[in-house]
Amino acid sequence: MSVVLEIADVAVRFPGNIARAVDGVSLALRRGEIFGIVGESGSGKSTLANAVMGLLPARSTVTGSIKVNGREVVGLDDLTLRRMRGAEAAMIFQDASASLDPTWPVGDQIAEAVRAHRPGPAREARTKALALMAEVGIPDPARRYGDAPHRLSGGQRQRIVIAAALANDPKLLIADEPTTALDVTIQKQVLELIDRLRRDHGTTVLLITHDLGVVSQVCDRVGVMCGGRLLEVADTQVLFGRPEHPYTRALLAANPAAAPRGTRLPVIPAEWSVETLEQAERAREPTGPGDRR
Amino acid sequence: MSEAAASDLSVPRPTRRRASTRLLLSGGLLLGLLTLLAIAAPIVTPHRPDAIDVRRVLAAPDLAHPFGSDALGRDVLSRVLYGLRASLLISTSAVAASLLLAVPLGLLAGYFGRWVDSAISRSLDMILVFPAMLLAVTFIAILGPGGVIAAAAIAVIYLPILARVMRTSTLVVSRHEYVAGARARGASHLRVLAAHVAPNALGPVIVQASVLAAFALQLEAGLSFLGLGTQPPTPSLGGMLADGRDVLTQAPWVEIFPGVAIVLAVLAFAFLGEGLRRAFDPLGVSE
Amino acid sequence: MSELLRVAGITKRFAAGGPPWARRHVAAIDGVSLAVDRGRTLGLVGESGSGKSTLGRCILGLATPDEGEIVFDGKDVLGLSGRALRDFRRRVQPVFQDPYGSLDPRWSVGRSVRESLDCFKIGMPADRDKRVLELFGRVGLNPALAGRPPSTLSGGQRQRVGIAAALASNPELIIADEPVSALDMSVQAQILNLFMDLQQDLGVATIFITHDLGVVEHVSDRVAVMHFGKLVEVGATDDVMHRPRHDYTRALLAAIPRPKELQQEA
């Protein structure tokens, strides 16, 4: 069983901030698994994902080691990073509309992803793009190939983005809140698609989300982040059934779907709450769980 | 409740020296200096601008007359200062007058939309059709030359641009939920416009106005160059440029100094406008 | 009469392309009827494009329906103007989704809360500031925050300000449009608790518009489900959530990725 992504004691610091956005996170993703990172805003989950892809702003400092397919990514130069992105590791984001050029046909955008790493005749790229569109479940790909993104629904746009991400069969797919902007019925379909693609291609998926329900639907293992720290990692069923960390327990209990109707929802203790962290950030004093270790 | 602990929050972030601050400062300083000189012209000028002195016709610059004398022996420095005064006055009052009209028009068009917007925008578009200089000349041809008419012409020329910028930022601001919230909380349209929409939408149009002031100054200089703006004997920078053409080889100072004054004034407005734009309108609503 | 609001046959269309002489229309709301009793919470559920937000705006008077009637406390409210409209507005208040856009960035939050007091001329001007501080306390905000601009407050705090502003005029009905959707789960829990407390203490009726079925189940007495402008199902929360009759409701419920293990623990 090979390790596709290995993160060792990674810390990320943005200029001008005292608190670290990511503070000593370590984890290892096995081939073919879907690993969910769940956390609220400011937990550092997106920052971590961006660090893996080398997408952090230039002036941020990253310490520690991130190995994608055994190759160290921290400190890599731009050219090598670009070759890696799309070919070995790909990323999709929350807002599919922002990832697509509004004036290009969607099919061409997938074809462009194909040709970025495998230059060749346009016809081949087009054929591959059509195949990808069919695979992600776009009905009648030939007809929709030339459509502009706005002609597609939100769910279909996200499928196009997924197709482009998988164009070069990356071993690692990072999905940062891929279904947050979608309706619940569409969300289910997109998650099922990611699950199916993972099984067909053996892709490893790092799924970033704030939604516990999403995690419970498709993830094999889960990591809980808060304040830049990875508080708990476990198999999904174990995490939901026997959560260990008090923050995890509080998070699970705060879900309105879990509490009996009409009862007050348990409040997450002040030291963990996002608001405390936000205020701390603004007051520029480090606070939160980091200090209690 | 945990909220009770949410007492003192933000420590203000230290400001960073940015390009916009430098531009603002240099533009502002230069403009301030020029304005001061212009206002104080009657006190500062060593000689009267219309004092003809046949002994000093086309005399080169010296200590008593640092900018030399023109074809009628008049002191160029004094004339430049008075001309600057006229130029600044006309261009700023033109832009101010334009703003005064553009802001309400833009507000109404952006806030109410539909037929109100169509009516206002289409009418203003008709002005936009004409090239600026052509419109100004036509204006003056009908109403006669003069500083005030020139200012009015310039105001009309820039009205559509300012109104459109105001309309755009009004459209953006009107969509914010606090506008709907204010309406739901009993505020009348007038109150919403005055208390919520206008203050939040004014930024870009102020910036645009400062940028346009630079153009207004050039336009005014162009008009007076053609003899259509400020009329002699009142000195005007453009007029001096026109006069200086004939004696350019003999007495270049007659042409150069008013030209430099125009460039400096335009630069000052441009820096100020650009600095304001970078500081207050980074999204680029203004043009 | 225990019925506070009755909405009947509301239809609202929007232009959707086509030349001016043959304009096509899309019905954002298509013949929707529902009712809310005093002091009760109705959850209005639907996905994007269902028309639930548009319906909320129509009830608030921020949009005009093309057909149908809205009856509040026995009186028809469509076509109201002047003092009567003011009166209606005072009794029906909104809470919005976006805690960042729903407050004027240039106003202190206290002033935003005071706005309805000023516009409706409630109380003496001298007493209004005191009332604002009272409201702050009621929604769990430190009164010291009243003078601050919204940018210095967190998302949850801003939403509390929005709720305080809605309560200022002592409304009988609150239309809350996705009030917790933009908040983190921990903050969401606090705001939901606040809504439930207010309902208990003040007896305010609420229309809780949301796409989140978990939230709706938690706070509503009755649930109405909308789909593409039509009302497909309405009933007591328990009935709709556990014994749904319409296919769409069933699809919606089935689509919720629910952590199954959680129910075992609870």
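**Figure 1. Overall dimensions and confidence of the predicted model.**
The model as a whole scores ipTM 0.84 and pTM 0.80. Chain A contains twelve helices and ten strands. Along the principal axes, the C-alpha atoms of chain A occupy a box of roughly 60 × 50 × 40 Å. Of the 293 residues in chain A, 48% are buried. When contacts in chain A between residues at least 6 apart in sequence are considered, 63% of them join residues at least 24 apart.

**Figure 2. One face of helix α4 in chain A.**
Helix α4 of chain A spans residues 106–117. Which residues of this helix are buried? They are V106(A), G107(A), I110(A), A111(A), A113(A) and V114(A). Viewed down the axis of α4(A), the buried residues fall within an arc of 150 degrees, and therefore they line one face of the helix. These buried residues pack against three helices of chain A, namely α5 (122–135), α6 (141–144) and α7 (154–165).

**Figure 3. Two loop residues of chain A with positive phi.**
D140(A) is not a glycine, yet its phi is positive, at about 55 degrees. This residue lies in the loop between α5 and α6 of chain A. Is D140(A) buried or exposed? D140(A) is exposed, because 9 other C-beta atoms lie within 10 Å, and a residue with 12 or fewer counts as exposed. D169(A), also not a glycine, has a positive phi of about 50 degrees. The loop that holds D169(A) runs between α7 and β7 (172–176) of chain A. D169(A) has 12 other C-beta atoms within 10 Å and is therefore exposed.

**Figure 4. The contact between chain C and chain A.**
In this interface, 30 residues of chain C are in contact with 33 residues of chain A. On the side of chain C that touches chain A, at least two residues come from each of α6 (185–202), α7 (213–219), α9 (247–255) and α10 (260–265) of chain C. Which of these elements gives the most? It is α6(C), with eight residues. By class, this side of chain C has 14 nonpolar, ten polar and six charged residues.

**Figure 5. Confidence along chain C.**
The average pLDDT of chain C is 88, and 96% of the residues score at least 70. Among the elements of chain C, strand β7 (residues 173–177) has the highest mean pLDDT, 95, whereas α10(C) has the lowest, 43. The pLDDT is below 50 over residues 260–266 of chain C. Beyond near neighbours in sequence, this stretch has eight contacts in the model. Where pLDDT is low, predicted coordinates should not be read in detail.

**Figure 6. The contact between chain C and chain B.**
Here 26 residues of chain C are in contact with 21 residues of chain B. The elements α2 (82–91), β6 (92–95), α3 (109–119) and α5 (155–167) of chain C each supply at least two residues of the side that touches chain B. That side of chain C comprises eleven nonpolar, eight polar and seven charged residues.

**Figure 7. Strand β6 of chain C and its partner.**
Both faces of β6(C) are covered. V92(C) and P94(C) are buried on one side, and Q93(C) and V95(C) are buried on the other. How do β6(C) and β7(C) run, parallel or antiparallel? The two strands are parallel and are joined by four bridges. Within this pairing, V95(C) stands opposite A176(C) of β7(C).

L89(B) is located in helix α3 (residues 76–112) of chain B. L89(B) counts as partly exposed because it has 17 C-beta neighbours inside 10 Å. From L89(B) to F225(B) the C-alpha to C-alpha distance is 17 Å, and the two residues are 136 apart in sequence. What kind of peptide bond joins P232(B) and P233(B)? The bond is cis, with omega at about 10 degrees. P233(B) is found in the loop between α8 (189–225) and α9 (237–244) of chain B.

Technical notes
Residues numbered from 1 in each chain as written. Chains lettered and ligands numbered in written order. Predicted model: local features only at pLDDT ≥ 70, side-chain atom pairs only at ≥ 80, totals over all residues. Buried ≥ 20, exposed ≤ 12 C-beta atoms within 10 Å, placed from the backbone. Contact = placed C-beta atoms within 7 Å. Nonpolar A, V, L, I, M, F, W, Y, C, P; charged D, E, K, R; others polar. pLDDT = per-residue confidence, 0-100. Pairing = 2+ DSSP bridges. Arc of directions from axis to C-beta.
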